[in-house]
Amino acid sequence: MGKAKSAKRGGANSGPYERPAKHAAANNVFKFSKDFGQHILKNPGIAETIVNKAYLKPTDTVLEVGPGTGNLTVKILEQAKKVIAVEMDPRMAAETTKRVQGKPEHKRLEVLLGDVIKTTLPTFDVCISNTPYQISSPLVFKLLSLPNPPRTCVLMFQREFALRLTARPGDALYCRLSVNAQFWAHITHILKVGRNNFRPPPQVDSSVVRIEPKLGSERPNISFEEWDGMLRVCFNRKNKVLRASWLGSKEVLSMLERNYRLWCATNDIPVDDTLADEDEDEIDEMEVDENAPPNPGDEDEWDGIMDVDGEADDTPSFFKEMKASGSEIPKTKSKRRKTRVALLVKEKVRKVLEDVTELADKRSGKCDENDFLRLLAAFNAEGIHFS
């Protein structure tokens, strides 16, 4: 008599007590969302180092951004008085709460569900975060712009972003972000974290930085909008000299003229709006190489405003041949005459760059904080503002 065939283990006819298939992840509570940039730190040693580097006090209230499954949260609760965790994903918020459910720490954990950038934050002493990469820059400047900023922030970012935060003049990654962040805070690099310390692993490595906002008399008494507005022009192309960034762009000069007119109107200063004479208008135009490739870091300084579309090149063949042969393409002089106020603004910019600060031939990527402060003070003295 033949032997009856038994159902294969893991097959369609498996009984209820058969072992699950190998590919079924028994320990996966849910799928991580790429929309929220969820990469959970799974190395307890690194989590402990991050918390220790915050130098917490037993009386501290800690803000944690993106607690995930609570790996950092439980370690913070061991040293701090209270943790306020802000989480966008309801599943993660529930998982964090579950980690301390029924324990004494439960009363010292407050979970806020929502976007930390849009949330009105309560008072806290320290911020610790495994930061979702989409909100890296907004989070940094939200923390620095608070009326009562935290004593210290220990934040984990994608490695390149962290290196931009700590870059110094002359470094390849030195940019507007570097100047802005270091103007309002002291920033130090703590440690590098490899991608394999996360679940799921991201495509790049990470770094942890400590940000200590400048407080009291050390805090700059300058409008952020004014400061950042000037830096946007300087870092449009950071490896060009400042003369080219300011005097070689019609858009920049037009913006400065509008701002100057507004300042004059606010201060009841008359503006000469008459057309300039032809001999006054014959001022050498700055030669700008519009075909020069952008340098690393240039393209993101204006938040994409410098991007070009992928339309076909409609340049006539005659000009293409001249360009290929190395001949200079003749430029048609603009028939539109400038107003005297436009020439006045241009002269003010030249005066600031060449006579007052003597920074005309210096590149933004080489300028330090004092250079930018001198530049802003000189522009403001001439009635030129950026906010």
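Contact here means heavy atoms within 4.5 Å. The structure is a predicted model, and its secondary structure comes to 13 helices and 9 strands. Of the 387 residues in the protein, 41% are buried, and the accessible surface comes to about 22700 Å², with 51% of that area belonging to carbon and sulfur atoms. Among contacts with a separation of 6 or more, 71% are between residues 24 or more positions apart.

- K75 lies in helix α2, which covers residues 71-77, and, once its neighbours within four places in sequence are left aside, K75 is in contact with P44, A47, E48 and V51.

**Helix α7 and its surroundings**

- Helix α7, made up of residues 224-234, is mostly covered, with 8 of its 11 residues buried.
- Those buried residues are E226, W227, D228, G229, M230, L231, V233 and C234, and they pack against four helices, namely α6 (176-184), α8 (242-247), α9 (250-266) and α13 (369-381).

**Salt bridges**

- Side chains of opposite charge can pair when their charged atoms come close, and the structure holds 20 salt bridges.
- One of them joins D89 to R91, with the closest N and O atoms 2.8 Å apart; D89 is buried, at a relative accessible area of 3%, while R91 counts as partly exposed at 33% relative accessibility.
- Another joins E354 to R243, with the closest N and O atoms 3.3 Å apart; because E354 lies in helix α12 (residues 340-356) and R243 in helix α8, the pair ties together parts that are 111 residues apart in sequence.
- E354 counts as partly exposed, at 29% relative accessibility.

**Within helix α12**

- R350 forms a salt bridge with E347, the closest N and O atoms being 2.8 Å apart, and both residues lie in helix α12, 3 residues apart, which is about one turn of the helix.
- An α-helix has 3.6 residues a turn, so residues three or four places apart point the same way.
- R350 is partly exposed at 23% relative accessibility, and E347 is also partly exposed, with a relative accessible area of 39%.
- Salt bridges that share partners join R243, E347, R350, E354, D355 and D361 into one network.

Key. Residues numbered from 1 in each chain as written. Predicted model: local features only at pLDDT ≥ 70, side-chain atom pairs only at ≥ 80, totals over all residues. Heavy atoms only, no water. Helix = DSSP H or I, 4+ residues; strand = E, 2+ residues; numbered from the N terminus. Buried < 20%, exposed > 50% of the residue type's maximum accessible area, 1.4 Å probe, protein only. Areas by Shrake-Rupley, 256 points an atom, 1.4 Å probe, with all protein chains shown as cover. Salt bridge = Lys/Arg side-chain N within 4 Å of Asp/Glu carboxyl O.
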